[in-house]
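Subject: Structure for you to look at

Hello,

Here is the structure I said I would pass on. Please open it first; my notes follow below.

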Amino acid sequence: QVQLVESGGGLVQPGGSLRLSCAASGFILDYYNVAWFRQAPGKEREGVSCISSGDGTTYYADSVKGRFTISRDNAKNTVYLQMNTLKPEDTALYYCAALGGSMGPLTDVWLWSQGSWGQGTQVTVSS
């Protein structure tokens, strides 16, 4: 059974850090492009970061560039999102998605919706 499970969310103060994990089962995650998306209440789902299959090229939304880092651990069949210098506006439900074939841009949520998604992990940044 193909499954993605996110973990690592929680409550953190502004300026703090969290590391999200996206663990795959039933398929080899390294063969897929993987992205992190987030959705805050009342807002549209937005792409945060993605990493390509194969060469591991990474992309980031401007809002998180320099603060977030996406990476893979193929031995653990897991993709991570290291989030530093968190801001209240980073508060959202964070999802990971895996997509085969050519990697679409982070802005193409419809394309990514054709892949596999996890259930999400909540990140709350508040003092």
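Leaving aside its neighbours within four places in sequence, which residues is Gly-10 in contact with? They are Leu-18, Gln-122, Val-123 and Thr-124, where contact means heavy atoms within 4.5 Å.

Two notes on the source. This is a predicted model, in which local features need pLDDT of at least 70 and side-chain atom pairs count only at pLDDT 80 or more, while totals for chains, interfaces and linings use all residues. Residues are numbered from 1 along each chain as its sequence is written, and side-chain values use heavy atoms, with hydrogens and water left out.

More on Gly-10: the residue is found in strand S2, residues 10-12. Helices (H or I, at least four residues) and strands (E, at least two) are DSSP runs, numbered from the N terminus. With a relative accessible area of 26%, Gly-10 is partly exposed; buried means under 20% relative accessible area, exposed over 50%, and partly exposed in between (1.4 Å probe, protein chains only).

Next, the backbone angles. Asn-77, a residue other than glycine, has a positive phi near 55°. Asn-77 sits in the loop between strand S7 (68-73) and strand S8 (78-83), and counts as buried because its relative accessibility is 17%.

Thr-85 is not a glycine either, and its phi is positive at about 45°. Thr-85 lies in the loop between S8 and strand S9 (92-99). At 45% relative accessibility, Thr-85 counts as partly exposed.

Regards
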